[in-house]
Amino acid sequence: MNIDFYLDIDTVIHRFDGRTKIILFLASFLALVLFEDPLYILPIALLILLQNFLARAWMNIWRIRFLLFLLTFTSIIMWNLFASGETHLFWFVDLESLLYSIARTMLILLMIISGLNLLSTTRNEELVLGMIKLGLPYRVGFAISTSLRMVPTISTSIHTISQAQRSRGLDLEGGGILERLRKFIPILIPVFISTIRDTNVFGMALESKGFGARDDRTYYLEMNMDRSDHLVLAFCLLIIGISLYLEFAGYGDIAGLTKF
Amino acid sequence: MAESAVSIKGLRFRYRDKKELVIDDFSLDIQEGEFLVIMGANETGKSTLVSFFNGLIPHYTKGPMEGDVFVRGKNTKEHKVPELAEDVGIVFQDFEAQLFSTNVELEVAFGPENFAIDREEIKRRIQENLEFVGLEEFRRRSPATLSGGQKQKLAIASVLAMEPNILAMDEATTDLDPISKQGIYEITNKLRQREDMTLVVVEHDTEEVLDADRIVLMKDGKVAELGPAQEILRRGDLLAELGVMPLGIPRFFEQMGSSTLPLTPEDGKKIFEKENWKISDSLYRNLVEKEQDELSQKKHEPIIQVRGLKHTYPNGVEALSGTDLDIYKGEIVAIVGQNGSGKTTLAKHLNALLIPTEGEVEIYGKTTAEQGVFEIGKKVGYVFQNPDHQIFSERVYDEVIYGPRLRNVPDDEAEKRVKESLKAVGLEGFEDADPFSLTKSGRQRVAVASVLSIRPDVLILDEPTTGLDYDGQRGMMDMVVELNKQGSTIIFITHHMWVVAAYADRVYVVKDGKILLEGLTREIFAEEKILKDSFLRPPHFVQFSNLLGKTFLSDSEMISCMEGK
């Protein structure tokens, strides 16, 4: 079980500067939240998918396909409850609310994919260094990267521990909701305790390697913006510019939609 | 007089949540350039002591402390841990938790980066230290993909990159197979060539510390004995008394009444030949034949049959590539192999935690695929390596009765089983104890009891002796033998070769997902060359007897076969 998303391959996206990749992620985020109409989200969606394709990161989407299906399914239904429109279709679903639900679902999925694009192509250290060069303090950047690093560790221990308990006869399937929750206790407690212990060793190892010895530090990793980074950022700026213009000019909304 | 690298003066310390002192009036001077080994039973304060060297105590872990620790003249009370990192490097036992970078180079760079060393110099240090530990070809790899031994080498390189003068290893080789262990000690021996490098090593394995300058034996947080390594290692009774494994070779020569006590197999052979001793061929033949008779009687009723087992993990890694294995009722079988050879994957198939990608695993003639974990769990119990991966209750009693309850065993029957299981593991009267407050060997026993209470016919133990001291290891294995006498069939995974020599009837050697060797323990240990290829080596005593042309598993066995004795 390995939940580290970084793909150690060489693609055009991998070669971008860490800062560029972070900005791409933030820009996708901004462009996505501007519009209510799926049609306006579509071009941005295509760009994000293109980035994914160029980064050869589709296997990471595949890896979390169940989560994505689940989100799609619940989100398409759920958002109808929070909006209504003028063209009634069936039950609580109107044409406008359906469009809105599709847009929201696209937003969620695309944000996840955009995040995956970032994590698939950017090493942890590169991410930290990128964030620092964009102005974040080192300790904050390091904290973010550490929490990302904990994910695979915790998922491995969840896996081992649930195997240990299953071999003692724990059956996680079946039973009501309360009973199911109760069944997770024998897994959660050991996970919790072993995570605390790991974190403790991690903290000791960190300090023993001189973490925080001085106010300044150097970086072995080199980061340089080159022409391709500038081109991508310029393109990114253009898209954001167009999106903002359209939004302020009143495009991209769904006519007749009422949100609760 | 050489300057002290570490000077400990009248040290007393207790952890905040404990009543007793872990370190009690401890004083010691470690000379610059010395190789010092700290040994002793578990819970005698060895790791705690090492934590003082770079200030982890009292800065990171706090507690009431008396006395002082000076590292190259600096009082550790007055210097924070990160500041001391340029003086003292520490390598820990847990190799997962101390590596945190995404590739090998960056891992080594991390320390120097913290000291604002410029990039060119970092580059040089990466080159130098990866070369030194023999990992240059892995520089672009992710640490997670390295083997256990390689991870510890990387941990050493990453600490050496800060150019400390003192390197402390806190049970750094405990989780490693014998040859990887040797690899680490080859590195420490190379480090000794640097005159100003001081080495402090906490180690359980007596056979690995023959090259040390001095050994300090600890008991109850005090110095129990301090002296030249060669001298201490010859005092088998003293070592045993303090919970450290005595060496078989000097013990043999002592019992034979020899005036010189050799430590290594080679020296042993020389002295053996000089004394003109002889092993009786007929007595040896009797020993071997008797053993074969006894053990072949056990091979009647097959319980587990594995045929052409292949397993490929979802990420595409083929962990097992065509394995056959048979387990008969009443046997004690050891599965050995390098870290990552596939032995745990194999064992997990035996109780259906994993289902074969190809091939078959049959338990009592039915495949695991058709029975599932819940059913098979009743027949084959699995004790995981780390007891902390399964203990969750506040009382020992609740932990042990959990299995029977899940299987709807009636209350009075379940209670009876808890009693029996706790008795079997030597924890009678501990029903109300908090499992988390027990020692590692205590928690290990709780884990075994909580599997025993399901009353499986077969018990699989994954590394049952790892992390235990000599007494703990013996206690655990004596208990396992007792269970075997009462009818349990035992399978255990280990890289403690002396445990295999002393306790296993039969051995499977796993290498690269295949069974490389199978046979009686004696037969397996006679194949030193093949074992070496799979990162294993017999205990020194067995190696010594192999040099003499016979394979003896213990000194008492050999003595019983001596001519004229």
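Student: Among contacts in chain B between residues at least 6 apart in sequence, what percentage join residues at least 24 apart?

Tutor: This is a predicted model. In chain B, 67% of the contacts between residues at least 6 apart join residues at least 24 apart.

Student: What is the secondary structure of chain B, and why is chain B called as compact as a globular protein of its length?

Tutor: Chain B has 23 helices and 20 strands. Its radius of gyration is 25 Å, close to the 24 Å that the globule rule gives for 565 residues, so chain B is as compact as a globular protein of that length. Along the principal axes, its C-alpha atoms fill a box of roughly 70 × 60 × 50 Å. Of the 565 residues in chain B, 60% are buried.

Student: How is the size of an interface given?

Tutor: Often as the accessible area that is lost when the parts come together. Here chain A and chain B bury about 4900 Å² between them, with 57% of it on carbon and sulfur atoms. Of the area that chain A buries against chain B, 22% comes from A:Arg168, A:Lys209 and A:Tyr220, more than from any other three residues. The contact takes 49 residues from chain A and 60 residues from chain B.

Student: How many salt bridges and polar contacts are there between chain A and chain B?

Tutor: There are six salt bridges. One of them joins the side chains of A:Arg214 and B:Glu86, at 3.7 Å from N to O. Polar contact links 23 residue pairs between the chains.

Student: Which helix gives the most to the side of chain A that touches chain B?

Tutor: H9(A), with 18 residues. That side of chain A divides into 20 nonpolar, 15 polar and 14 charged residues.

Technical notes. Residues numbered from 1 in each chain as written. Chains lettered and ligands numbered in written order. Predicted model: local features only at pLDDT ≥ 70, side-chain atom pairs only at ≥ 80, totals over all residues. Heavy atoms only, no water. Contact = heavy atoms within 4.5 Å. Buried area = accessible area lost by both parts, 1.4 Å probe. Salt bridge = Lys/Arg side-chain N within 4 Å of Asp/Glu carboxyl O. Polar contact = N/O pair within 3.5 Å; in protein donor to acceptor, adjacent residues only side chain to side chain. Helix = DSSP H or I, 4+ residues; strand = E, 2+ residues; numbered from the N terminus. Nonpolar A, V, L, I, M, F, W, Y, C, P; charged D, E, K, R; others polar. Rg over C-alpha atoms; globule rule 2.2 N^0.38 Å. Buried < 20%, exposed > 50% of the residue type's maximum accessible area, 1.4 Å probe, protein only.
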